[in-house]
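My notes follow in the order in which I looked things up.

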Amino acid sequence: MERKAGILFHPTSLPDSAGIGTLGKSAFEFIDFLEKAGMKIWQVLPLGPTGYGDSPYQSFSTFALNPLLIDFDDLVKRGWASKNAVKKPSYIKNKGLIDYGAVVWWKSAALKEIAKSFLEMITSPEAAKNGSYDPSVKADFYAFCQENAYWLKDYAAFTSIKSFYDAKAQKESDEKKCKVNGCWNVYWEDSLSRHEPAAVEKWINEHTEDFLETEVIQFFAATQWNAVHEYAKSKGIEIVGDVPIFVAADSSDVWANQNMFLIGEDRNFTVVAGVPPDYFSATGQLWGNPLYHWENMKKDGYSWWIARVRKMLSLVDYVRIDHFRGFEAYWAIPFGSENAINGKWEKGPGIELFDKIKAELGDLPLIAEDLGIITDGVKALRDGAGLPGMKVLQFGLDTNEFKEGALKNVFLPHNFDTVNCVSYTGTHDNDTTQGLLESLDDENLVLFADYLTGEQNSVEEAKKLLASKKLCKELVKCNYSSIANFAIVPLQDVYALGTETRMNTPSTSGANWCWRADKNLISGPKAEKAAAWLKNLCVLYAR
């Protein structure tokens with residue numbers, strides 16, 4: 001890893017498109033901003049189709065791309081959609097927080113109709129004769145389907161079946177509605193629920209149009225993402241993607257690979273994922289994701305994991321592995337538990353998994369999210385796999401640890417013990433730095449003002465520094481000046497934005513993943529000024 005600077009910013013937060021950020025014009029403008037700012041890294045969150053709570057960490061597929069990221073203007077320019085087909089309703093806005101319910105309701109239906117027209121176009125002899133579309137598009141589409149058949153077929157079938165049974169469940173009594181994550185194992189017809197090949201093939205043959213439309217939508221998304229990725233490469237920008245260690249229960253991944261997960265004969269999960277009680281939660285965190293049957297995965301040569309990493313590395317340049325400690329040991333909670341208290345630690349696959357992946361794919365451009373309860377065993381696994389870990393400067397500003405002695409706090413940049421790490425001011429799960437600083441009492445505000453400025457500050461002086469946003473800028477500078485090879489800052493911290501722009505608050509739902517940037521944060525005079533400041537930091541600190 002060379003010494004580089006970057007910005008964390010998920011595509012859904014891009015501005016100036018209908019309802020939600022897309023892979024259209026603003027994505028290219030953001031890459032231009034990164035180039036002007038001297039940045040070499042763009043970090044994103046998981047790119048899959050979002051499920052429960054609109055979270056990118058609860059996806060219907062770990063291989064698919066999120067259809068909501070598809071840019072309609074680009075489809076029109078390519079001749080794949082008409083202007084009338086992409087006309088947005090009045091309730092869809094280009095600014096403000098994302099209203100996922102409204103966006104999904106409008107955009108999903110529109111994409112189905114566009115995909116239907118696309119299929120009619122590429123299969124029409126008349127269209128081929130009159131030259132109304134580039135004939136290479138048809139070949140590109142079928143090549144995409146063939147190259148991705150190992151996951152796309154199951155995902156398209158899953159999407160079709162799920163749509164049917166979701167609609168059916170909505171019409172039935174509350175007692176028959178899905179009550180747990182993993183709806184496919186609750187109310188689908190038995191042979192389909194078991195993913196019996198004959199039953200799945202029969203469904204596909206009887207719902208071919210529905211099946212093909214999902215494949216077309218994924219083709220749209222992949223085409224646009226590849227264009228963005230290639231443009232980033234041309235500007236010297238590398239993209240850091242994100243792979244959650246666990247997958248969603250209600251996903252094609254689990255449905256199509258049931259022997260790879262801890263599932264009982266009744267198709268309920270025997271244990272689920274989470275983390276034990278700690279300083280932040282007396283009852284721990286109950287995530288509910290199914291856990292892997294590591295023995296079966298081992299017998300299969302970890303082929304599913306190898307395919308997963310290979311696919312992600314075809315989309316991005318580096319991959320951040322979320323909850324890395326789960327590969328050393330994971331917290332297994334009995335299915336049906338109300339909280340995470342009664343779980344227990346179980347051993348993960350350890351270094352063997354990474355050795356297998358490396359043997360297949362070569363050196364791994366992976367980043368270990370090694371936050372949380374990190375034992376010597378987790379550190380040994382991270383170092384044995386040769387992976388950089390993470391440092392979050394906001395954790396260094398933990399008051400209790402700071403008062404015990406700054407020398408003990410591994411997240412303070414003067415205590416970094418290796419260059420082989422990725423440092424952040426904060427992540428998507430943290431409050432913005434400005435929001436965090438504004439939440440401090442007077443004593444702690446002064447403490448951190450002194451640390452960040454190297455001066456002795458009164459309460460009044462510290463408050464002035466806070467109000468002027470200088471303290472947030474000082475933490476950004478502190479991050480980029482650290483010895484970490486990669487130093488990454490959320491876009492919100494570049495502009496010292498407050499808590500109202502926070503991306504996610506863990507263990508809550510309903511108001512997360514909704515933030516969208518204003519257009520002036522990536523283009524125009526304000527963005528030019530910010531880019532000049534960041535570029536100067538890159539020059540000063542050799543990034």
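I started at D317, which lies in the loop between helix 13 and strand 6. Helices (H or I, at least four residues) and strands (E, at least two) are DSSP runs here, numbered from the N terminus. The model is predicted: local features need pLDDT of at least 70, side-chain atom pairs count only at pLDDT 80 or more, and totals for chains, interfaces and linings use all residues. Residues are numbered from 1 along each chain as its sequence is written, and side-chain values use heavy atoms, with hydrogens and water left out.

**Around D317**

I looked up what D317 touches, leaving aside its neighbours within four places in sequence. I found H229, K233, I237, E238, I239 and P365 in contact with D317; contact means heavy atoms within 4.5 Å. I then checked E238 against D317: they are 79 residues apart in sequence, yet 5.8 Å apart in space, C-alpha to C-alpha.

Next I traced an open sheet of 8 strands, in the order 9-6-3-2-1-12-11-10 and with parallel pairing. Two strands pair if DSSP finds at least two bridges between them. Which strands stand at the edges? They are strand 9 (366-368) and strand 10 (389-392); each has a single partner strand, so one side of each is left without a neighbour in the sheet. Neighbouring strands of this sheet are turned by 25 degrees against each other on average, direction ignored.

I picked out strand 3 (residues 238-244) and strand 6 (residues 318-322), which pair in the parallel sense over 5 bridges. G241 has V319 in strand 6 as its bridge partner. Helix 13 packs on the sheet and touches strand 3, strand 6 and strand 9. The direction of helix 13 makes about 150 degrees with that of strand 3. Axes are lines fitted to C-alpha atoms, for helices over the stretch in contact, and angles run from 0 to 180 degrees between N-to-C directions.

**Helix 13 on helix 14**

I stayed with helix 13 (residues 303-315) and found that it packs with helix 14 (residues 351-361) at an angle of about 55 degrees, their axes 10 Å apart. That makes helix 13 oblique to helix 14. For such words, angles under 35 degrees count as roughly parallel, over 145 as roughly antiparallel, 65 to 115 as roughly perpendicular and the rest as oblique. I listed the contact: W305, I306, V309 and R310 come from helix 13, and L353, K356, I357, E360 and L361 from helix 14. By class, this contact has 6 nonpolar, no polar and 3 charged residues. Ala, Val, Leu, Ile, Met, Phe, Trp, Tyr, Cys and Pro count as nonpolar, Asp, Glu, Lys and Arg as charged, and the others, Gly among them, as polar.

**Helix 5 on helix 10**

I turned to helix 5 (residues 136-147) and helix 10 (residues 208-234), which pack at an angle of about 105 degrees with their axes 10 Å apart. Helix 5 and helix 10 are therefore roughly perpendicular to each other. Helix 5 brings V137, D140, F141, F144 and C145 to the contact, and helix 10 brings L212, E215, V216, Q218, F219 and A222. I noted the classes: 8 nonpolar, 1 polar and 2 charged.

I followed strand 4 (residues 271-275) to strand 5: they run antiparallel, joined by 3 bridges. G274 has L286 in strand 5 as its bridge partner.
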